Amino acid sequence: MGGHIAAFPLRVLQGWNGVAALALPDEYRAVRHVVVQGMGGSAIAGDIAAEAVDSLREPGTAGAQISVFRDYGAHPSVGPDSLVVVMSHSGRTEEALSGVEASRLRGAKLIVMTGGGQLGETARDMGIPIAMLPENGGPPRTYLPYALGAMLRIFVDLGIALPNTERALIDAVTELESRQPDFDASCNRTENGRVNPAKDLARALSGRIPVIVSARGLASAARRWKTQVNENAKTPAWTEELPEMHHNAIVGFEQTNLSDNLAIVLLGPPSTAPNSLHDRYAISRRILRDLGVPVHWPALSGETPLARLLEAVLLGDYVSYYMALVNGIDPTPTVPLDSIKAQIRRSTQNENHGE
């Protein structure tokens, strides 16, 4: 798992380059609504891509709306002016598979992003363009950077994302690569004061349930943190978003006997956030500390909104990995998920046989 996480920056560009030859029909350029349909890392790649596209738009300009759909069938708003990107690396995700025919019946344009399997076969039979994802031998969540890079290139080619996306992505990846030594497993506190921020935060979160607080522009990174803490560290986690948190959730920490095992991670603020949102981060820290809840505010050094977003994602991947190691857990297996999938498959087979 450590090797998969370390390869994140390179894999983003591999995903971008991997769809260079993908030919899409001209009518795909007329879409006004994009839906990314998938589950887990596939869906989060859509979340991150949507925030990345938004971060590169000029303030006040409009563009195609990008939605992420984590369910069976078709997104309720899908129609002839929609592009649906159906994603599943294994090609077996039943929620994604159900979206192909349902979206097609509504007249949507379709792209399938997969490593093969039934989803790939269905797309070939229907003549749907396929963006093939490479094989890396890892679990599904390790394919996020490939999917993210591929999706951003598709969006640029269709005019959904601005042409400056490529330059911004290369610059952001270069920044990520420059940060890699700070996150590497060999980096600890040393005589010259060098610190691995991911290891330090993982130690601080060990034995606690993290609550990842973010704002628009980094909300997709927070979601990735949550799922990586779940799957790598085998630990519950949840997310909250500012400013909404200041209208409800902040009150929920008053019962100290219930919040003793929690820890807050303030992720952000986004570099483009207004001063009032910066204030809300600081206010959150003060209130929560006064309530006795540990608060951690990791520094994000990305020079652009996109660099900051990808840095936040990578930091969360490393923190979840080190949380697993601190607790003596292998981060890679996800036994309950495998069990659920096996039981669903058996149930489906029984239904097909009339049992």
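Visitor: Why are Tyr318 and Tyr322 said to be separated by about one helical turn?

Guide: Because they are 4 residues apart in helix 12 (residues 305-326), Tyr318 and Tyr322 are separated by about one helical turn. Helices here are DSSP runs of H or I with at least four residues, numbered from the N terminus. This is a predicted model, in which local features need pLDDT of at least 70, side-chain atom pairs count only at pLDDT 80 or more, and totals for chains, interfaces and linings use all residues. Residues are numbered from 1 along each chain as its sequence is written, and side-chain values use heavy atoms, leaving out hydrogens and water.

Visitor: What makes Tyr318 buried or exposed?

Guide: Its relative accessible area is 4%; buried means under 20%, exposed over 50%, and partly exposed in between, using a 1.4 Å probe and protein chains only. Tyr318 is therefore buried, and Tyr322, also with 4%, is buried too.

Visitor: How many aromatic pairs are there?

Guide: Rings of Phe, Tyr and Trp (its six-membered ring) pair if their centres lie within 6.5 Å, with planes under 30 degrees apart called stacked, over 60 edge-to-face and the rest tilted. That rule gives 5 aromatic pairs. One of them joins Tyr143 and Tyr146, whose centres are 5.9 Å apart and whose planes meet at 40°, so this pair is tilted. Tyr318 and Tyr322 also pair, at 6.0 Å centre to centre with 20° between the planes, and count as stacked.

Visitor: Which residues do ring pairs link into a cluster?

Guide: Phe183, Tyr318, Tyr321 and Tyr322 are linked that way.

Visitor: What makes helix 8 and helix 12 oblique to each other?

Guide: The axes of helix 8 (residues 197-205) and helix 12 cross at roughly 55° and come within 8 Å. Axes are lines fitted to C-alpha atoms, for helices over the stretch in contact, with angles from 0 to 180 degrees between N-to-C directions. Under 35 degrees is roughly parallel, over 145 roughly antiparallel, 65 to 115 roughly perpendicular and the rest oblique, so helix 8 and helix 12 are oblique. Their contact (heavy atoms within 4.5 Å) includes Leu201 and Leu205 of helix 8 and Tyr318 and Tyr322 of helix 12.

Visitor: How do you know that helix 3 and helix 6 are oblique?

Guide: The axes of helix 3 (residues 41-56) and helix 6 (residues 144-157) come within 9 Å and cross at roughly 45°, and helix 3 and helix 6 are therefore oblique to each other. Among the residues that meet are Ile44 and Ile48 in helix 3, and Leu148 and Phe155 in helix 6.

Conventions:
Helix = DSSP H or I, 4+ residues; strand = E, 2+ residues; numbered from the N terminus.
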